Amino acid sequence: MKSKIINITLVILVIVALSALAFLIRVGVRGDTVAVLDISGMTCGSCVAKVKNAIQTKQGIASVDVDIGSGRAVVGYAAAKVKPAAITAAVAGLGFTCRLVEVSNLAEFKSRHPNMAFGQQGAAGCDCSNK
Ligand SMILES: [Cu+2]
């Protein structure tokens, strides 16, 4: 009985440790560039989740914010690791029409959009719903 509890505790600890590690690896990407995408065809939260996932799983992505109302996605990424064309292609691959609106480095983006909130990674943790 006692060893069963210890086993369960161990399993839980391992799961927590692994998810913490996965999180660290993901936020470990330092975004130095911000791409703003115009996406048409998103109709519900599931579309948003699909778009987010398609972008997020690419290498070099630091943050993804998708706003269904404006059809805008703001993506923070490492320019050395991924090209904006690859990001739009990932979204287009889902069947959405995706256009690259703007690419700027972090400083440019902040000065152009001073009211956008940034995520803790220093990339575009943008709250587009404020627009
Ligand atoms: Cu949908």
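Predicted model: local features only at pLDDT ≥ 70, side-chain atom pairs only at ≥ 80, totals over all residues.
Reader: How many bridges join strand β1 to β3?

Author: Strand β1 covers residues 33-40. Two strands pair if DSSP finds at least two bridges between them. β1 and β3 run antiparallel, and the number of bridges joining them is six.

Reader: What order do the strands have in the open sheet?

Author: The sheet has four strands, with antiparallel pairing. Its edge strands are β2 and β4 (97-105), each pairing on one side only. From one strand to the next, the twist averages 20°. The order is β2-β3-β1-β4.

Reader: Which strands does helix α3 touch?

Author: Helix α3 spans residues 84-92 and packs on the sheet. Its direction makes about 155° with that of β4. Axes are lines fitted to C-alpha atoms, for helices over the stretch in contact, and angles run from 0 to 180 degrees between N-to-C directions. Contact asks for C-beta atoms, placed from the backbone, within 7 Å; by that test α3 touches β1, β3 and β4.

Reader: Which strands does helix α2 lie across?

Author: Helix α2 takes in residues 45-56. Against β2, α2 runs at about 165°.

Reader: How many of the seven residues of β2 are buried?

Author: A residue is buried if 20 or more other C-beta atoms lie within 10 Å of its own, exposed if 12 or fewer, and partly exposed in between, with C-beta atoms placed from the backbone. β2 is mostly covered. The buried count in β2 is six.

Reader: Why is Gly71 partly exposed?

Author: Gly71 belongs to the loop between β2 (61-67) and β3 (72-77). In this hairpin, with four residues between the strands, Gly71 takes a positive phi near 70°. Gly71 also touches Asp38, Ile39, Ser40 and Met42, leaving aside residues up to four places away in sequence. Gly71 is partly exposed because its number of other C-beta atoms within 10 Å is 18.

Technical notes
Residues numbered from 1 in each chain as written. Helix = DSSP H or I, 4+ residues; strand = E, 2+ residues; numbered from the N terminus. Contact = placed C-beta atoms within 7 Å.
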